[in-house]
Amino acid sequence: MSETKNLRLGEGLTAACLGLGLILMIVIAGKTHDGAMQFHAYLLAAAALVAIAAIVNRFLDRQETDAWRTGESGYNLGVVKLATVAAVFWGLVSFLAGLVIALQLAYPAIDLDLPWFSFGRLRPLHTSAAIFAFGGNTLLATSLYVVQRTSRARLAGDIAPWFVVWGYNLFIVLAATGYLLGVTQSKEYAEPEWYTDLWLTIVWVVYLLVYLATLMKRKEPHIYVANWFFLAFIVTIAMLHVVNNLAVPVSIYSTKSYIVWAGVQDAMTQWWYGHNAVGFFLTAGFLGIMYYFVPKRADRPVYSYRLSIIHFWSLVFLYIWAGPHHLFYTALPDWAQTLGMTFSVMLWMPSWGGMINGLMTLSGAWDKLRTDPVLRMLVVSVAFYGMSTFEGPLMSVKAVNSLSHYTDWTIGHTHSGALGWVAFVSFGAIYCLVPWLWQRKGLYSDKLVNWHFWISTLGIVLYITAMWVSGILQGLMWRAYDSLGFLEYSFVESVEAMHPFYVIRAFGGLLFVIGTLIMIYNLWRTVHSGEVMEKRAALLQQQPAE
């Protein structure tokens, strides 16, 4: 079947919008007196120009056939490949940034008195790169792959899926360069200024529409549970992002804006966002990965589909209320603090229900853990999920929080979840995706996966145990009083006592970076030297959902 070589509607509209954006950015760059805004305007203008050129080139190179529907059996795997490569790249960037700031805490002189290299600017760069760049691209890759396979339908849209992945990575570049230039609205996990937030909103709405449209045209009557978790992640993050980042810019030519919320309302809105960014971005989204890749790798069905549905609905209803536990002993009303603590403790049940479901999926296939290091990494990530979702509710109890709050114990807790759960399940998914996407029979070396697993696991253990010990030590030193009722230790003394633990943390981070470099080498050799798998001849409509 052939088609005339015409510019498609989506291509034309996208090019027109990009052209208008290009003109607007040139005007802003010419009129602004804000150096950072001028840099970002030129950056956006360059991105718009490159995108227009890509659309024109796409049109000129198009054959008069359906060859544009590239990808195995009609699926759109190109965008999945792009997001996978971006996830690996940003993962290395985020881990290296984390290693640098860990070394800065142990040896402060290494910042060389350079403002763009200071801890205050690199720290949000690290957190955003780890959560939104590495984690976000992993979620884009896996969600766009899983929704096609389980729906037996090609991704909706022609340009739209590409816009989502490229647009999201442009957001990452805007945010990262903004941090280094000192552009921030000083909200945890929501540092980008108004224009970057606005761009992300546009990208995210398109992402939601692509996902929903793909589900609507599915060939399977049933929506697999992983898609429910991905959908909850997309919808809830959209709501959180918009409400928390409502702001009034000083001018269209300025990076500065003022948040519409103020005082304790701003704090409550921020931690309603902050905790649910953890709950829906770093938990619900990655549970979608778990529910697809663990059964797929183990070649076993989900242990209990009924439990997965209970897990989903209880998690969604309970998580949204847990944010106030970040604001104990503040101006927030006591009833709201207690409400946050209560729902946090209640989260134990659905969280562990999901962990049990993931682990018990291996029933009858436990022997594979000896021979498949990728499956081992996925299963250990589920174990870390269980540990983190036990520790989180424990730390939300007021009596425990009075010791742990503002200490390194919190840092240890977040990194046991971020490295052990999020990073490991991401690594496992990427190890699965790369051979599937590039049609290789397997990974270049399972032995290198084994090395990656053990080196990174050792790094995580060193990191979190150092932070647990230093955090509890901090809390005890800060609340220690002498016989006269004065503080026994000054703050400087507590900082000095942290030095050996900060050195151990940095060494643990170094091991994690080494493990990531091993993974990158293994994936590169898989793509370039791996044994090519025979292409399937079956059409998309004739294949069962996977």
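1. Helix H5 itself covers residues 160-180, and its 21 residues should span 30 Å at 1.5 Å a residue, which agrees with the 30 Å between its end C-alpha atoms; the expected span is 1.5 Å times one less than the number of residues.

2. This is a predicted model, in which local features need pLDDT of at least 70 and side-chain atom pairs count only at pLDDT 80 or more, whereas totals for chains, interfaces and linings use all residues. Residues are numbered from 1 along each chain as its sequence is written, and side-chain values use heavy atoms, with hydrogens and water left out.

3. On the overall fold, the secondary structure of the protein chain comes to 18 helices and two strands. The radius of gyration is 24 Å, close to the 24 Å that the globule rule gives for 546 residues, so the chain is as compact as a globular protein of that length; the radius is taken over C-alpha atoms, and the rule is 2.2 Å times the number of residues to the power 0.38. Along the principal axes, the C-alpha atoms fill a box of roughly 90 × 65 × 45 Å.

4. Of the 546 residues, 53% count as buried, where buried means under 20% relative accessible area, exposed over 50%, and partly exposed in between, with a 1.4 Å probe and protein chains only. Among contacts (heavy atoms within 4.5 Å) between residues at least 6 apart in sequence, 82% join residues at least 24 apart.

5. Serine 143 belongs to helix H4, residues 119-151, and counts as buried because its relative accessibility is 0%. Its side chain makes a polar contact of 2.7 Å with the side chain of tyrosine 207; such a contact is a pair of N or O atoms within 3.5 Å, where within protein one must be able to donate a hydrogen and the other to accept it, and residues adjacent in sequence count only if both atoms are side-chain atoms. Leaving aside residues up to four places away in sequence, serine 143 touches Tyr207, Tyr211 and Phe230.

6. Phenylalanine 117 lies in the loop between helix H3 (78-106) and H4, and at 22% relative accessibility it counts as partly exposed. With residues up to four places away in sequence not counted, phenylalanine 117 touches Val100, Gln104, Ile110, Asp111 and Leu122, while its C-alpha atom is separated by 36 Å from that of leucine 208, 91 residues apart along the chain.

7. Most residues other than glycine have a negative phi. Glutamine 439, in the loop between helix H15 (408-437) and helix H16 (446-478), has a positive phi near 55°, but counts as buried at 14% relative accessibility.

8. A search of the whole structure finds zero disulfides, a disulfide being a pair of cysteine sulfur atoms within 2.5 Å. Cysteine 17 is exposed, with a relative accessible area of 55%, whereas cysteine 432 is buried, with a relative accessible area of 1%.

Key
Helices (H or I, at least four residues) and strands (E, at least two) are DSSP runs, numbered from the N terminus.
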